[in-house]
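Okay, thanks for coming, everyone. Let me put today's model up on the screen, and then I'll walk you through it.

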Protein chains: 2
Amino acid sequence: MGGDFGPEVAIPGAAKALERHPDIRFVLYGDAARCEPLIDQHPKLKAASTFRHCDVAVAMDEKPSQALRRGRGKSSMWLSIDAVAKGEADVAVSAGNTGALMAMSKFCLRMMANIERPAIAGIWPTLKGESIVLDIGATIGADANQLFDFALMGGAMARALFEVDRPTVGLLNVGVEEIKGQEEVKAAGQLIREANVDTIDYYGFVEGDDIGKGTVDVVVTEGFAGNIALKAAEGTARQMATYLRAAMSRTWLARLGYILAKSAFDRLREKMDPRKVNGGVFLGLNGIVIKSHGGTDAEGFAAAVDVGYDMVRNGLKDKIEKDLQKYHAGRPVGGAAQDMSDGVR
Amino acid sequence: MGGDFGPEVAIPGAAKALERHPDIRFVLYGDAARCEPLIDQHPKLKAASTFRHCDVAVAMDEKPSQALRRGRGKSSMWLSIDAVAKGEADVAVSAGNTGALMAMSKFCLRMMANIERPAIAGIWPTLKGESIVLDIGATIGADANQLFDFALMGGAMARALFEVDRPTVGLLNVGVEEIKGQEEVKAAGQLIREANVDTIDYYGFVEGDDIGKGTVDVVVTEGFAGNIALKAAEGTARQMATYLRAAMSRTWLARLGYILAKSAFDRLREKMDPRKVNGGVFLGLNGIVIKSHGGTDAEGFAAAVDVGYDMVRNGLKDKIEKDLQKYHAGRPVGGAAQDMSDGVR
């Protein structure tokens, strides 16, 4: 029911994902009057799905605490996460309200042992392929231990997603010299180095422009800087696309050139298509939840389902649990990262 | 002597700036053996300049503390800033080591009354023209009072640069809802609102993608997030340019299209030319210092000189001092922002 378009995007999106992965089985949660006619338009999806009517849907502008009060135990968002908690589903995918989705996920699935704060990991297109960036908006601030956890979890996700044995991990900072940077980031770098983690290859500090270069497989940062970096990059991509469109329609020669080079432009558009890397992965919970962009279309939603499928098929949760147990167990718990989901734990 | 290319870029750059602003008078500091032959190649510049030989030049990789020890009182960087302190120059422009330039500037010029931390303000190309973003790398962390000062100083710079009476100012945050964001950012928003500053038009919170949209004239943030946002955006712009080049050379049809649309591509390149908005302005000191990108060419260095010229001609320092006196005087001093210039105050 979530996102800017609700089931009109989610249901055709699920149908598209099913074409690519015929072994998916869906449990669809939503308002029957609105969803069932849409499901009827996709007979294959209908055959591979169970539909569960829900009276309540979380609104996009609801505060997490309000969504929890109103939607707990009965909203489509809650019930889809609850299906993961109960083992009825392997992964929940939603285009809904991010804060509410995180709050309900934490409430319903609980944090993994030893994890203090969850993270949202995004997939970032780079010159070398794709990288994972976390946290892109679950928490503000993170201490060294939490950044260390993000490195472990991001590393596990990279192994699940990119099929590399020992992904490279960098800490986002403002300079590569050891002298610079936030105290937390410096301390996290030391922690990671000293832990000698054999599931990741610690690269050191990276800067903002290293993300797009694909310098490392996993970029670790706290949620404030991560969210701002992500949105600044998205803004720049849109800005350049706007300039390009304006330049290409200014003269008839440019327009003719555009027509001749159309296949190249199509390729470029496909390369920069934000729908292809849609899907923020909630890490650190006892279950996988994928957040699709609220404004995406069916193709984008299908990509978010694909991400969930890959995470399940490649055993993300087990990988994270094993790494955390190996490298984190026994470490003292502390830290004062601020929770972005409206005070709900 | 600074930057990746030293006087080979700075001297032709100064000559270019002089063509645009024939009333500039330069005092050039550097190594005579290297600089004088270059100055001789530009007779107009030579006529408008005084050259001062310096035995020492700050290296690009020197730590600020080391640069101060080695270069204080005698390096070209120190002496050019000292000329501003002594009133012999209106503005110092350098492509050198940023940390050393900031450390020497603080030492030589001292902070303005009531200012706890300086900021580096960058000029960011946007869909609407240009915006000012600060801090992009002078300090890590900033409390509410310091963000308030950044808003005042950025506002004064916008009035000097864009010739608007009451520039719009936004605080960079991770969400527009009042509930979200860092405590410092929320508190700064309240401070600015309550101060009823009549030299700026406070817009509220903005997000990373608002920078490129040009939502506000001035974007205020602390240096860690600001630096990462800037570099993430630069990285994305380079990434898209790389994709575009690759797409345009892939097929002969695309190459033909490129040739036909070349004027459009040239226009696009000009629009995205990072040299055109070169020049970080140090704010909060008793004198104006402009940091040019170290890797720029003569055209880019000339743009940094232009920024300095505009700042002087439009009375930036007086504007900032007046605003600070009006809105800041008497406010308690405190805060724990971390200094990025290697502990040197």
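Before I point at anything, a word on labels: helices here are DSSP runs of H or I with at least four residues, strands are DSSP runs of E with at least two, and both are numbered from the N terminus. Also, this is a predicted model, where local features need pLDDT of at least 70, side-chain atom pairs count only at pLDDT 80 or more, and totals for chains, interfaces and linings use all residues. Residues are numbered from 1 along each chain as its sequence is written, while chains are lettered from A and ligands numbered from 1 in the order in which they are written.

Is B:N196 buried or exposed? For the cut-offs, we place C-beta atoms from the backbone and count the others within 10 Å: 20 or more is buried, 12 or fewer is exposed, and in between is partly exposed. B:N196 has 8 such neighbours, so it counts as exposed.

B:N114 is another non-glycine with positive phi, about 75°. You'll find B:N114 in the loop between α6 (98-109) and β4 (119-126) of chain B. That residue has 18 other C-beta atoms within 10 Å, so it's partly exposed.

Now for the cis peptides. In chain A, the bond joining A:L134 and A:D135 is cis, with omega about 0°, and A:D135 sits in the loop between β5 (129-134) and β6 (139-140). In chain B, the bond from B:L134 to B:D135 is cis too, with omega near 5°.

On to how the chains meet. Contact means C-beta atoms, placed from the backbone, within 7 Å. By that criterion, 53 residues of chain B and 54 residues of chain A take part. On the chain B side, α10(B) gives the largest share, 20 residues. By class, that side has 30 nonpolar (Ala, Val, Leu, Ile, Met, Phe, Trp, Tyr, Cys, Pro), 11 charged (Asp, Glu, Lys, Arg) and 12 polar residues (the others, Gly among them).

And the symmetry? Superposing by least squares on C-alpha atoms of residues with pLDDT of at least 70 in both copies, chain B goes onto chain A with an RMSD of 0.0 Å, by a turn of 180° and a shift of 0.0 Å along the axis. That's the relation of a two-fold axis. Within chain B, B:G257 comes closest to the rotation axis, with its C-alpha at 1.9 Å. Finally, 100% of chain B's interface residues are also interface residues in chain A, so the copies meet through the same surface.

Technical notes: Contact = placed C-beta atoms within 7 Å.
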